[in-house]
Amino acid sequence: MADDVRELLLSTTADADPSTPLSAPDLRLLIDRLRLRSDRLHASALSFASSNREPLVSALLRAAASAASSASLQSSLESALSPLSSSPDLSDLRSLSDRLLAARRELRERQEHLAAASSVASLSARLRAARASANPLAAAAAAAELKPLLLDPEGSGSGGDEPIVFGLLRDEWEQLVDELQVGLAKNVEECVEFAPEGGKVVVSAAPRGSSSGACGVELRVALQALEIIDSLDYGMAKTADLMIKHVLIPAISNISVTVSVEVLEQGGPTAPASVLSIVPSEELQGCKDGSVLYSRIIDVIKFVHKFICLENITWMQSFAKLTWSRISDLIITHFLSKAVPIEASKLIEFQDVIRSTTEFENTLKNMMFISPDRMDGKLTQFVENVEVHFAVRKRNEILTKAREIIVQYDYDNPLASDDRGDSVVDLLFQPEKCFVSKSALQLMRLVHGALKDACLSSTRVAKEFCHAARDALLLYKAIVPVQLEKQLGSISQVAAIIHNDFYHLSQETLGLAFEYRADFPSGLQKLVVFVDLAPIFSQMADSVLRRQIQLVAVNLSEAIDGADGFQNTHQSQHYESAKFSIEQVVFILEKIHIMWESILPRSIYRRSMCHVLGPVFSRITKDMLMIDDMAAEETLQLQGLIHLALENLSSLFLSLVENDGDGKFLDHDTWIQLDESVPSLKKFRKLAELLDMSLKSITAAWESGELVNCGFTSSEVRNFVKAIFADSPLRKECLGWISRTPA
């Protein structure tokens, strides 16, 4: 309404300021407009009421009735409460009401306790009746009925707030079930008897004289009772184990046996008995496709189905669950694994085994002995993967043979055989030859054979062959260093041969992929790698040789130490010590010369000998130059020792250079080659000349740069001059020239 008045005001003063006061004419106009608006609203309300008269009347009547009812309820409530509000004993009434509620609560609790006590009494009575029952079926049925009452749906006890008596009843029920299980299982064992010597089982419809005081009921009744209490697997477990041990193992592992079934006392006054025997046969009952073996197993299973499980599918499936896994393992161990072909060409013949094995499992599925899905098809899965089994078998054979080659080879006498020339091989990526052990040669032949077979096989088989080849090579790396640790830890020819073996294997592995990759199955060409093995074997070869060089260096250093710095060689005792030291050095060097030259590749032999010779000549030269005073006789003695070493090492020197023709002597060109290969040798030989040169000649040799080219330093030459020549003006002058002349 306020908005409407505001609109009327604005319409009357459209051109004026809204904040200005209204004039008398404007107010009268506004009053008229309001009255006109009120008349229209009144007319509209009357029109709505007249058109909706009935609904409005009904709504008004209902409202009046509701108001009257509310008033009546209010009056009744006030009447009911007025005595309480006016009574002086209100607290007594409230106390009485509380006692009444407590009494009702106590009554309800006692009723619940009575019901629980009745339940406990009923359960206890039923448990006593079940335990006292002579009929195992009745006892088993009672135990089964009590199970949901005493156990929760998950099979465990009830919550922690239950009465203790329920826990005691549950324990009593579990004891009853245990007693039934043990007694019924014993009953089954007495019905199914096995001969102590094995190969024979006798099944009776009822125990033939219970020895344990157990139930002593028929086999059928015992199995039914076990099924009722969900203990069928427990009751048949021992029977299944004994059937495997005494019947199925002999039937599967022996090929010259037959299965015999005989029914005794059929229809007689006593319970009938059935006998199954595994009887030896003079004729071999084996067959390449396994059909005879499978027939024997089916006969055993049929006997179990008919006489032990009494053609009950549930009982048969329980027996199968307890035995099938072991039966299939026995078949695989004693037949299928041995039937896997040795050669790839005979894989086609294995199809008969696949066919008979499939038929065998289908027969068991029809008998409901195994499930129809592939979960129990262990034998079928094995034969379908025969290629993999064949490959795994070949892989194991290759690795076994590789290990025999490596372990059984006589490394202590590698050169003893007459066919030594067969062990000298051409290096694949070097224009050289080297001697390798028969072990390495046979190992590589085995690897090449495996890779050739891989080229002719399917992808799965080829993959196993390639893995076998890699593993065979890695076996050498794993076994030989450990097996020959003693030889590798000393200076030996065996160590040089092992170096060559590793070096040869590193060269061969580099070429394997190039040689065979194009012939591998297409799915394998990019997956097979051998080149990664090459650095491994190369490092092993370097490690073996480096260790030998270090051992030689230690021995040579010890021999040189015996010379005591070559001091006072003009004295007989010191000279003999120095001479013996030189002879020891020569002996060690000649030993490794003879040992290495015929074994190591030419380039490696030269490089290794140069590594050994360099420190030897450098050490001897250094020791002689450090002598601070030499007598004339002493210089001759030292010169003789140098010549002794050079003369005795002539054959070694010749082995380090390239000789054209048949020349077997050290000429000028030979010495030049040696000086380039072993720089310290040049200095060693020049020292022998210096020991016999005059002071002026030494000075001239220094000024010409000849001594510098041989490796001498200015201080070494000056100290040498001071040691040999006595103090004189000429020596001072020469020393000055040597000091002033740049190196």
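Let's start with the contact between H10 and H11. From H10, the residues are Trp324, Ile331, Phe335 and Leu336. They meet Val353, Thr357, Phe360, Glu361 and Leu364 in H11. By class, that contact divides into 7 nonpolar residues, 1 polar and 1 charged. Keep in mind that this is a predicted model.

Now the geometry of that pair. H10 covers residues 313–339, and H11 covers residues 351–366. Their axes come within 14 Å and cross at roughly 165 degrees. Angles over 145 degrees count as roughly antiparallel, so that is what H10 is to H11. The crossing of H10 and H11 is right-handed.

Next, the largest pocket. Its volume is about 320 Å³. Which elements give two or more residues to its lining? H10 and H11 again. The lining has 13 residues. Nearest the centre of the pocket lie Lys288, Ala339, Glu349, Phe350 and Val353. Val353 is also one of the H11 residues that meet H10. What about the classes in the lining? There are 8 nonpolar and 5 charged residues, and no polar ones.

H13 passes H15 in a right-handed crossing. The contact of H13 with H15 has 17 nonpolar, 2 polar and 7 charged residues.

Conventions. Residues are numbered from 1 along each chain as its sequence is written. This is a predicted model: local features need pLDDT of at least 70, side-chain atom pairs count only at pLDDT 80 or more; totals for chains, interfaces and linings use all residues. Side-chain values use heavy atoms; hydrogens and water are left out. Axes are lines fitted to C-alpha atoms, for helices over the stretch in contact, and angles run from 0 to 180 degrees between N-to-C directions. Helices (H or I, at least four residues) and strands (E, at least two) are DSSP runs, numbered from the N terminus. Angles under 35 degrees count as roughly parallel, over 145 as roughly antiparallel, 65 to 115 as roughly perpendicular and the rest as oblique. A crossing is left-handed if the near helix is turned anticlockwise from the far one by less than a right angle, and right-handed if clockwise. Contact means heavy atoms within 4.5 Å. Ala, Val, Leu, Ile, Met, Phe, Trp, Tyr, Cys and Pro count as nonpolar, Asp, Glu, Lys and Arg as charged, and the others, Gly among them, as polar. On a 1 Å grid over the protein atoms alone, a cavity is a set of points where a 1.4 Å probe fits but cannot get out, and a pocket is an open set with protein on both sides within 12 Å along at least five of seven lines; lining residues have an atom within 4 Å of a point. Grid points are joined across faces, edges and corners, and a volume is the space filled by probe spheres set on the points.
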